[in-house]
Amino acid sequence: MMAFTAVILVTIGTVFFFINQATQEEIRQLEERDNQMLTNRMQIELSRYYLQRGNWRDIQPFIEQWGNLYEKRIILTDSSGTVVADSEGDLLGELHTPDSEGSLVPFGFRGSSMGTLYVTPVSSSEVGLTSLQVTFKSIGLFFIWGGLFAGAIALLMTFFMSRRILAPVKSLASAAVLLGKGDFRQRVQIRDKGELGQLADTFNSMVSDLERAEQLRRNMVADIAHELRTPLSNIRGYLEAVRDGIKEPDTDTISSLEEEASLLSRLVDDLQELSLAEAGELTLVRSEEDVAGLVRQAVTAVEGQSSARGLSLTVELPDSLLPVNVDSHRIGQVLRNLLENAIAHTDAGGTITVAARQLEGYVEVSVTDTGEGIPSEDLPNIFERFYRVDKARSRKLGGTGLGLAIVKHIAQAHGGRATVQSTPGKGSTFTIHVEACQM
Ligand code: ADP
């Protein structure tokens, strides 16, 4: 408001100053022209008068009339300088010595002097001001009042406008303060459709994101605590049983303890990997790779497990696959993960098929099993961390519940995606797409 007041005052002041300057000059010139015309006219009239009469007798009433009419002090002297007429009648018969400003017009006819005319402006109603100056002064006053009025209206408008602008800003600020204190329910309601409305929308969506992130963080901590609890309580159980003499500290017990400890360390490794992936900080060492080679490596790594469970493992690879620009270690990890899952969830006698095909811009690799399949209600969540169809069974199989979440993130980090199709009782197909190198 102070800034607005300053702007208004400076604007009005400047305009007034320049108008004042211009008008003063204009008035001065106007008065000069006016005076000049008047004295010329009087001179003509007076010459005519004198020429008709040969003297100035009875001129006084005319001069008085003119004086009143034109609001001037008019003094007429004869050729010797004696006043013969004075519009105010004071100096009649005296010798006139002009002292003030005004026009002094000696005039005569054919060389002989008739006399001198003195015309001085007379102040009208106000002291020292001519009528034009009075007019100008009242215009100036109008200007000042008009300026003050406009200024008052402008300030009033500024007041209401700044309230309109400040109210939403204040509500945003107080919401931000509460948000800073951890209250994620904060939302601001601003009906404005302009920038403030947009700011409020952005603020609200930012708060929603923060709320979601906070919820995810809480869930993650709860999930981790929950996942750590089971192996830890198993370890404690074994140790307590040994201490109390219920169990012998034999090879069996020690290998059970070892199993639980290795589950814990796998869990910690997977969690670290997943948190990096979720933060988008997974470092990929990309190079041009042949998909067929990666698939064969992964298959070789799990062949032992697969035949131990009585499964047949087949590979279907076309010849015309474009190379892919991937981190071979990570993609190998993804393939092994999918293969190990397929082996774990397929009963003896089943088949696991790894296939690859070329799509436009992508190479698709799929792992299909003839296993138990996944119920359709679980399918949308299967790539979420710690989501398992059968928790107890997954743990028994040594799963951390993080494998598919890691698969999804690695595929996404490669500009691709991971998907699943499954029919319970018949089997599942997990598919990943990775960008092919442009040829
Ligand atoms: P886990 O460590 O339990 O294997 P994953 O994230 O790898 O964790 O898998 C999550 C869940 O998805 C598994 O617990 C299992 O229920 C289900 N699942 C994964 N792969 C298959 C598959 N090939 N067939 C049936 N179910 C599967």
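Visitor: What makes residue pairs between domain 2 and domain 3 count as being in polar contact?

Guide: The test is a pair of N or O atoms within 3.5 Å; within protein, one must be able to donate a hydrogen and the other to accept it, and residues adjacent in sequence count only if both atoms are side-chain atoms. Between domain 2 and domain 3, five residue pairs pass, both residues at pLDDT 80 or more. This is a predicted model, where local features need pLDDT of at least 70, side-chain atom pairs count only at pLDDT 80 or more, and totals for chains, interfaces and linings use all residues. Residues are numbered from 1 along each chain as its sequence is written, and side-chain values use heavy atoms, leaving out hydrogens and water.

Visitor: Which elements give two or more residues to the side of domain 2 that touches domain 3?

Guide: Those are α4 (195-243) and α5 (251-278). Helices are DSSP runs (H or I, at least four residues), numbered from the N terminus. The largest share, nine residues, comes from α5. By class, that side has eight nonpolar, three polar and six charged residues.

Visitor: Why is the pair Glu-278 and Arg-385 called a salt bridge?

Guide: A salt bridge needs a side-chain nitrogen of Lys or Arg within 4 Å of a carboxyl oxygen of Asp or Glu. The closest N and O atoms of Glu-278 and Arg-385 are 3.4 Å apart, so the pair qualifies. Across the interface of domain 2 and domain 3, the rule finds four salt bridges.

Visitor: How do you know that domain 2 and domain 3 are in contact?

Guide: Contact means heavy atoms within 4.5 Å, and 17 residues of domain 2 meet that rule with 14 residues of domain 3. The area buried between them is about 1,400 Å²; that is the accessible area (1.4 Å probe) that two parts lose on being put together, summed over both. Carbon and sulfur atoms give 58% of it. Glu-227, Glu-273 and Leu-274 supply 37% of the area that domain 2 buries against domain 3, more than any other three residues.

Definitions and conventions
Ala, Val, Leu, Ile, Met, Phe, Trp, Tyr, Cys and Pro count as nonpolar, Asp, Glu, Lys and Arg as charged, and the others, Gly among them, as polar.
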